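Here is a short briefing on one protein model. Keep the structure open while you read, and find each residue as it comes up.

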Amino acid sequence: MKRRPAHHPDDLLVFLGPSLPEEDALALVPCRVLPPARQGDVWRALSLRPRAIALVDGVFEAQPSVWHHELLAALDAGVAVFGGASMGALRAAELSRHGMVGVGHIFESYQRGELVDDAEVALLHADAEHGFRPLTVPLVNVRHAARQAEGAKVLAPGEARALVDAAAALFYQDRTWPRVLAAVGEAWRPATRTKWDAWASRGFEDLKREDARACLQAASAWISSGEELPVRTRTARPPPSSYVRRRRLVEGLCATEGGLVSSEEVLAGLRAAPEARELAEMGLRRALLAGQARSLGLRATDEEVLRAEEEWWELLGLPPEERETYLVSCGLDAHEVRRLCEDRALERLMLEHASRVLPDGPSWDEALATEARLRGHWVEEARRLGAPKRGRRKR
């Protein structure tokens with residue numbers, strides 16, 4: 001059987017913590033391992049230009065969890081997003097119709113509605129210094145063990161349910177196997193406990209770990225296959241709110257020759273620049289015109305958007321071979337570039353059809369005259385025309 005060629009580790013970014021040790025992940029597939037995802041981490045990861053992201057572990061409760069908007073932004077940017085085992089399974093079930101790929105038994109249980117609570121995969125774990133080692137047992141692993149024990153005739157159906165109920169009654173930070181078994185209490189007969197102890201002495205299958213492995217393998221196999229990401233079908237989801245847009249703006253990273261720079265630092269420098277007010281007003285004017293155009297039902301064609309993009313590149317004076325580096329330094333992906341150029345195209349449409357956009361709207365000449373008078377160009381031109389011509393004699 002012909003083996004698929006290995007891909008570069010930076011092609012696959014993996015958000016990983018207690019579900020699978022980092023060394024196991026690195027031995028399994030070529031990848032770059034990042035800590036459990038927090039809110040904003042996927043946006044930041046896009047600056048690294050991966051081909052795929054495998055979301056396994058993510059934080060919750062103590063810190064804001066990874067946003068759906070971030071994962072949708074990755075998909076919009078043409079990055080394949082896989083999820084499984086833990087937070088990844090939960091987000092994949094929520095976003096599968098948008099193109100996120102779910103992997104593993106836990107994902108399938110969430111998608112079928114058998115699991116609904118994120119507490120099913122929650123556990124207490126050590127910090128990064130200690131490899132995010134699990135300290136408690138997630139409820140999904142208890143359910144899995146109960147099913148296996150029932151299948152092996154170690155537990156009767158009622159005894160398996162009692163095991164799951166006892167585990168579910170414990171707070172996830174307190175759920176260890178000794179405490180779970182103590183909580184089962186008299187729901188099990190002594191003979192059942194003896195059978196269980198003998199069967200459990202061989203160890204339990206870690207469902208989260210198995211699903212994490214499957215998720216990484218699926219993402220890696222997709223990259224190695226060389227397949228292109230299918231064009232994502234747009235659904236009727238609303239555009240990101242202004243709050244989401246602002247968050248993405250400050251959470252982003254820009255890749256430069258000197259290293260990664262946060263978008264927040266770039267913004268701070270721009271705010272202090274002499275041309276800050278002029279840049280902001282030009283940007284606001286374009287955004288308002290584009291927004292008004294959309295509210296009127298105007299849409300830019302693909303040709304108009306492409307023309308706006310080419311005009312932008314000409315304005316910057318960048319040849320094709322330098323454009324990707326420029327976009328990386330800007331912290332822009334292909335989807336964001338299209339959105340910006342669509343705004344430019346809509347701005348152009350509004351200006352070209354200004355006389356029809358409003359009742360008795362302004363003409364092109366009116367606008368030219370108004371701005372020229374405001375900026376002093378009108379007076380300059382009038383004086384130029386009124387200046388005496390050389391060689392003309394006064395009578």
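**The sheet and its helices**

Five strands make up an open sheet, in the order β2-β1-β3-β4-β5, with parallel pairing. The model is predicted. Its edge strands are β2 (32–34) and β5 (101–103), and each of them pairs on one side only. On average, neighbouring strands of this sheet are turned by 20 degrees against each other, direction ignored.

- Strand β1 (residues 12–15) runs parallel to strand β3 (residues 52–55), and four bridges join the two.
- In this pairing, L12 stands opposite A52 in β3.
- Strands of a sheet pair through backbone hydrogen bonds, either parallel or antiparallel.
- Helix α4 (residues 87–95) lies across β3, β4 (80–84) and β5. Helix α4 runs at about 120 degrees to β4.
- Helix α10 (residues 207–225) lies across β1, β3, β4 and β5. Helix α10 runs at about 160 degrees to β4.

**Nonpolar cores**

- The largest nonpolar core has 33 residues. Which of them touch the most other members? They are F15, I53, M100 and I106.
- At least two residues of this core come from each of β1, α2 (41–45), β3, α3 (68–76), α4 and α5 (105–112).
- A second, separate core has 22 residues, including V142, A149, A167 and V184.
- Leaving out residues up to four places away in sequence, I106 touches A85, A89, L115, V121, V140, L207, K208 and D211.

**Two residues with positive phi**

- A85 has a positive phi of about 80 degrees, although A85 is not a glycine. A85 sits in the loop between β4 and α4.
- Is A85 buried or exposed? Its relative accessibility is 0%, so A85 counts as buried.
- K153 also has a positive phi, near 65 degrees, and is a residue other than glycine. K153 lies in the loop between α6 (139–151) and α7 (157–168).
- K153 counts as exposed because its relative accessibility is 67%.

**Salt bridges**

- How many salt bridges does the structure hold? There are 25.
- E120 and R143 form a salt bridge, with the closest N and O atoms 2.8 Å apart. E120 lies in the loop between α5 and α6 and R143 lies in helix α6, so the pair ties together parts that are 23 residues apart in sequence.
- E120 is buried, at a relative accessible area of 8%. R143 counts as partly exposed, at 26% relative accessibility.
- D343 and R294 meet through their side chains in a salt bridge (2.8 Å, N to O). D343 is in helix α16 (residues 334–352) and R294 is in helix α13 (residues 276–295), so this pair ties together parts 49 residues apart in sequence.
- D343 is buried, with a relative accessible area of 10%. R294 is partly exposed, with 30%.
- R375 and E371 form a salt bridge, their closest N and O atoms being 2.7 Å apart. The two are four residues apart in helix α18 (residues 364–375), so about one helical turn separates them.
- R375 is exposed, with a relative accessible area of 59%. E371 counts as partly exposed, at 37% relative accessibility.

- D41 is found in helix α2. D41 counts as buried, at 11% relative accessibility.
- Apart from its neighbours within four places in sequence, D41 is in contact with F15, P36 and E70.
- Salt bridges link R38, D41, R44, R247 and E251 in a network.

Key. Residues are numbered from 1 along each chain as its sequence is written. This is a predicted model: local features need pLDDT of at least 70, side-chain atom pairs count only at pLDDT 80 or more; totals for chains, interfaces and linings use all residues. Side-chain values use heavy atoms; hydrogens and water are left out. Two strands pair if DSSP finds at least two bridges between them. Axes are lines fitted to C-alpha atoms, for helices over the stretch in contact, and angles run from 0 to 180 degrees between N-to-C directions. Contact means heavy atoms within 4.5 Å. Buried means under 20% relative accessible area, exposed over 50%, partly exposed in between (1.4 Å probe, protein chains only). A nonpolar core is a set of buried Ala, Val, Leu, Ile, Met, Phe, Trp, Tyr and Cys residues joined through side-chain atoms within 4.5 Å. A salt bridge is a side-chain nitrogen of Lys or Arg within 4 Å of a carboxyl oxygen of Asp or Glu.
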